[in-house]
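Please keep the sequence and the coordinates at hand while reading.

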Amino acid sequence: MSPRRTGPPAEGGGSGADGADGTLIGPDTHDPITDVAVEAPGVDEEPVVPWSMLLRRRETGPDGSRGERTGSSNAWLVTWTVLFGAFWVSSTITILAVSRPTIAEDLGASVESLVWLISGPTIAVALTGTTAGKLGDLHGHRRVYLIGMAGATVFVGLTALAWSGPSLIAFRVLGATIGAATGPSSLALINRMFTPERRSRALGFWSLVVAGGPVVGLVVGGPLVEAFGWRVIFAVQAPLLAAATVVAFVVLPDTGRRRDVHFDIRGQLCLTLTLAGLLVGIDRAAAWGIGNPWVLASFSLVPIGLAAFVRVERTTEHPLIPLHWFARRSFAVPVGVSFFMQFGYMGGFILTPLLLEEVRDLDADVVALIMVPRPLTFAIAGPLAGYLVGRVSTRSTIVAGTASLTLSMVVFALVASDPGTAIVVLALTLSGIGVGAAQPGIAASVANSVANADLGIAGATQQLVSQVGTTLGMNVLEAVELVTRDVEGSGGSYSVAYGVGAVVTGIGLALSFLMPGDRRGASGEMAPP
């Protein structure tokens with residue numbers, strides 16, 4: 001029996017890809033593992049797969065990559081290896097967020113200038129993610145991941161030795177810039193190790209690490225700095241990153257190179273111009289005011305850069321981001337949902353501690369304790385949702401997750417004037433469950449809509465859109481609260497801000513219903529939308 005996808009082809013020729021290069025396994029490509037697995041539909045495949053066959057399954061595809069089609073122990077070894085490294089890289093972005101006064105005093109710098117310890121790395125990650133994703137597709141994700149890990153290790157070590165505010169900012173930004181390569185490459189490496197119907201399981205853990213790392217850094221950064229000093233954090237972290245790099249060098253498979261495609265330098269420059277104008281403008285508008293000449297100049301770059309980017313991508317032979325992807329619902333809808341979801345999720349993340357401190361007059365340590373349910377439920381919901389995708393549709397998990405997040409914003413808007421602890425914990429729980437449940441399906445849907453050869457840039461595009469949503473959500477909702485405070489009062493201003501967040505996430509909820517439904521063949525295997 002020759003395995004083949006029984007559903008209709010993916011939109012636009014996207015991946016129902018079982019081969020390493022995005023090609024379908026058809027009648028002439030015999031796969032003994034699938035032969036065994038699909039003979040018993042509705043039964044968990046692992047118990048019926050012979051181990052001798054499983055151990056031989058690490059085939060090399062046409063592009064030199066290796067693909068684990070059953071979620072074997074080797075695929076999970078690769079997954080845990082890249083997640084361990086990605087966690088340490090992502091957590092450093094925010095680990096100093098709440099410790100600026102202490103660091104400023106130690107280095108003789110102003111607290112205001114050290115805001116770039118957060119803004120700088122955040123913007124750097126957004127600007128360089130697509131570059132890393134595309135380079136991984138062209139030159140191998142193992143190679144790009146290792147370069148990102150090694151570079152992050154070096155700059156983390158230099159951070160511990162920083163002698164001034166500017167040197168600290170420079171090392172943090174440079175470290176984030178090169179460390180950003182680990183995000184798209186880790187996602188692509190994981191996706192290549194699993195078939196489309198199994199990707200959500202692994203991506204549940206990936207979303208937990210990549211999204212949870214910065215949150216963990218934000219939560220634990222302050223106490224660690226107070227207890228041991230800020231330099232000790234990086235002195236300990238550097239050898240951990242180095243160890244993760246060595247393990248990755250030994251474990252990760254090579255994904256091969258593509259010599260028939262060239263990097264789209266013009267497209268990347270236009271995209272960088274657009275994003276730099278947007279992100280710097282958003283970030284500085286909160287500090288300098290929307291009418292500041294530098295802010296206005298930043299925003300003016302956006303339409304210019306975007307128009308140039310579209311023109312370049314339509315005419316170049318090898319575009320950075322193929323624009324026709326956005327005509328596919330299986331790609332455009334999850335990417336759009338991730339924008340609206342991150343807007344509300346991270347906007348609420350900024351507002352809630354301020355709400356509890358200002359309206360409830362709670363101390364910082366009590367606020368930190370109340371905030372625990374959010375990352376905790378996120379940690380549980382992500383992997384659980386990844387496993388549930390095999391039993392319910394991907395669309396269902398995304399719709400349910402987005403609805404849960406929207407409901408949490410509505411609850412906050414209703415109780416902001418008198419936020420009792422129990423109702424705040426409930427709203428935070430809904431928020432964590434919502435995003436944790438939706439993200440694995442979003443990432444898997446994006447990956448399943450393109451060929452394996454494009455997994456890096458596809459994942460980077462989705463992360464980029466999420467990052468823009470994060471930046472907008474954090475700045476816009478905080479600005480709404482400040483602007484409406486004189487009219488609405490302290491509690492009322494938070495209600496208005498959360499209300500805006502609820503409207504935006506509600507748009508994401510409406511959009512999520514447009515997700516294509518999962519299609520299953522007679523074997524019970526899921527065909528990508």
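A salt bridge is defined here as a side-chain nitrogen of Lys or Arg within 4 Å of a carboxyl oxygen of Asp or Glu. The structure is a predicted model, in which local features need pLDDT of at least 70 and side-chain atom pairs count only at pLDDT 80 or more, while totals for chains, interfaces and linings use all residues. Residues are numbered from 1 along each chain as its sequence is written, and side-chain values use heavy atoms, with hydrogens and water left out.

The protein chain contains 18 helices and four strands; these are DSSP runs numbered from the N terminus, with helices being H or I of at least four residues and strands E of at least two. Of its 529 residues, 57% count as buried. Buried means under 20% relative accessible area, exposed over 50%, and partly exposed in between (1.4 Å probe, protein chains only). With contact taken as heavy atoms within 4.5 Å, residues 24 or more positions apart account for 80% of the contacts with a separation of 6 or more.

A search of the whole structure finds three salt bridges. In one of them, arginine 485 pairs with glutamate 358, and the closest N and O atoms are 2.8 Å apart. This pair links distant parts of the chain, since arginine 485 belongs to helix α18 and glutamate 358 to helix α13, 127 residues apart. Arginine 485 also meets the side chain of glutamate 481 in a salt bridge (2.6 Å, N to O). Because arginine 485 and glutamate 481 are four residues apart in helix α18, they are separated by about one helical turn. Within it, glutamate 481 is buried at 2% relative accessibility, whereas glutamate 358 is partly exposed at 39% and arginine 485 is partly exposed at 28%.

Another salt bridge joins the side chains of aspartate 106 and arginine 231 (3.8 Å, N to O). Aspartate 106 is in helix α4 (residues 100–107) and arginine 231 in helix α10 (residues 230–251), 125 residues apart.

Attention now turns to the interior. A nonpolar core is a set of buried Ala, Val, Leu, Ile, Met, Phe, Trp, Tyr and Cys residues joined through side-chain atoms within 4.5 Å. The largest has 62 residues, and those with the most contacts inside it are Leu271, Ile321, Trp325, Phe331, Phe412 and Tyr498. Helices that each supply at least two of its residues include α5 (116–139), α11 (265–288) and α18 (455–512), and the largest share, 14 residues, comes from α13. Apart from its neighbours within four places in sequence, tryptophan 325 is in contact with Phe331, Ala332, Val450, Asp454, Ile457 and Ala458. A second, separate core of 45 residues includes Ala152, Leu168, Ala202 and Val225.

Aspartate 361 lies in the loop between α13 and α14. This residue has a positive phi of about 60° although it is not a glycine, and it is exposed, with a relative accessible area of 65%.

On the surface, Leu369, Val372, Leu376, Ile380, Leu384, Leu388 and Val392 form a nonpolar patch with about 630 Å² of accessible area together. Such a patch joins nonpolar side chains (Val, Leu, Ile, Met, Phe, Trp, Tyr) within 5 Å, from residues with over 30% relative accessible area and no salt bridge. Accessible areas come from the Shrake-Rupley method with a 1.4 Å probe; for residues, only the protein chains shown count as cover. The largest share of the patch, four residues, comes from helix α15 (residues 373–388).

Terms used:
Patches are made of residues with over 30% relative accessible area and no salt bridge: like charges are joined within 9 Å, nonpolar side chains (Val, Leu, Ile, Met, Phe, Trp, Tyr) within 5 Å.
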